[in-house]
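Colleague: Could you walk me through this fold, one feature at a time? I would like to learn how to read each one.

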Amino acid sequence: MCGIGGFYNVTGVNTPVASITSLWCGLEDRGTHAHGMAFNWITGDKPIVTKNVGPASKSSQNVKKYLRGKNLRYVLLHTRYTTQGSVKKMGNNHPIVREGITLTHNGVLHNDKQVFSQLGVKRMYQVDSEAINVALRHQSVDWMADNVKGSMSIAWI
């Protein structure tokens, strides 16, 4: 399965770059097929997302490059073990950005096709996790929890 992690800066302290890098690389035990991170600065209005094929350690220098100082609001981290959707199509890799929601997911969904059909929404990607974004945007957290079937640990902004 996949690995998810993150950091949210509520106090305005310096970003713990070494700890975030260590966390992301440590998540590789959960998946090395692809990796990604989404982050936003306190002064930013939209998340910045970077994804790549292979293990997170391949891009760990990006943590030091982008996430320094006191301006970081949050970072979501993901390491992917592929269960559905090619890693060569970056939209399938996490964080999934759709419907104004940036989301990471660990698990496997069993009814993603049904969720899209039930909500009358077209798929953009092949990955099952996209159904969670759609459910959250078009319904609610409660609806998603009751109607999206499978295993999941999720984090979203």
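Modeller: Let's begin with a hairpin. S2 is joined to S3 by a hairpin that passes through six residues. Keep in mind that this is a predicted model.

Colleague: How many bridges pair S2 with S3, and in which sense?

Modeller: Look for the bridges along the two strands. S2 pairs with strand S3 (residues 48-53) over six bridges, in the antiparallel sense.

Colleague: Is strand S2 largely enclosed or open?

Modeller: Count the buried residues, where buried means under 20% relative accessible area. In strand S2 (residues 34-41), seven of the eight residues are buried, so the strand is largely enclosed by the rest of the structure.

Colleague: Now a loop. Where is Pro 95 placed, and is Pro 95 buried or exposed?

Modeller: Pro 95 sits in the loop between S4 and S5. With a relative accessibility of 0%, Pro 95 counts as buried. For its surroundings, set aside the neighbours within four places in sequence: Pro 95 is then in contact with Gly 36, Met 37, Ala 38, Val 49, Lys 51, Leu 76, Thr 102, Leu 103 and Thr 104. One of these, Lys 51, is 44 residues away along the chain, yet the C-alpha atoms of Lys 51 and Pro 95 are separated by 7.9 Å.

Colleague: What should I check in the backbone there?

Modeller: Check omega. The peptide bond from His 94 to Pro 95 is cis, with omega near 0°.

Colleague: Which residue has a positive phi although it is not a glycine?

Modeller: Glu 99, whose phi is about 60°. You will find Glu 99 in the loop between S5 and S6. Its relative accessible area is 23%, so Glu 99 is partly exposed.

Colleague: What do the strands around that loop form?

Modeller: Three strands make up an open sheet, ordered S5-S6-S7, with antiparallel pairing. Strand S5 (96-98) and strand S7 (153-156) are the edge strands, each pairing on one side only. From one strand to the next, the twist averages 25°. Within the sheet, S5 and strand S6 (residues 101-106) run antiparallel and are joined by three bridges. Val 97 stands opposite Thr 102 in S6.

Colleague: Which helix lies across S5, S6 and S7?

Modeller: Helix H4 (residues 130-138) does, running at about 135° to S6.

Colleague: And how do I read the packing of H4 with H3?

Modeller: Take the angle and the axis distance together. Helix H3 (residues 112-119) packs with H4 at an angle of about 30°, and their axes are 9 Å apart. Since angles under 35 degrees count as roughly parallel, that makes H3 roughly parallel to H4. The crossing of H3 past H4 is left-handed.

Colleague: Which residues meet there?

Modeller: From H3 come Asp 112, Val 115, Phe 116 and Leu 119, and they meet Glu 130, Ala 131, Val 134, Ala 135 and His 138 in H4. Sorted by class, this contact of H3 with H4 has six nonpolar, one polar and two charged residues.

Conventions:
Residues are numbered from 1 along each chain as its sequence is written. This is a predicted model: local features need pLDDT of at least 70, side-chain atom pairs count only at pLDDT 80 or more; totals for chains, interfaces and linings use all residues. Side-chain values use heavy atoms; hydrogens and water are left out. Two strands pair if DSSP finds at least two bridges between them. Helices (H or I, at least four residues) and strands (E, at least two) are DSSP runs, numbered from the N terminus. Axes are lines fitted to C-alpha atoms, for helices over the stretch in contact, and angles run from 0 to 180 degrees between N-to-C directions. Contact means heavy atoms within 4.5 Å. Angles under 35 degrees count as roughly parallel, over 145 as roughly antiparallel, 65 to 115 as roughly perpendicular and the rest as oblique. A crossing is left-handed if the near helix is turned anticlockwise from the far one by less than a right angle, and right-handed if clockwise. Ala, Val, Leu, Ile, Met, Phe, Trp, Tyr, Cys and Pro count as nonpolar, Asp, Glu, Lys and Arg as charged, and the others, Gly among them, as polar. Buried means under 20% relative accessible area, exposed over 50%, partly exposed in between (1.4 Å probe, protein chains only).
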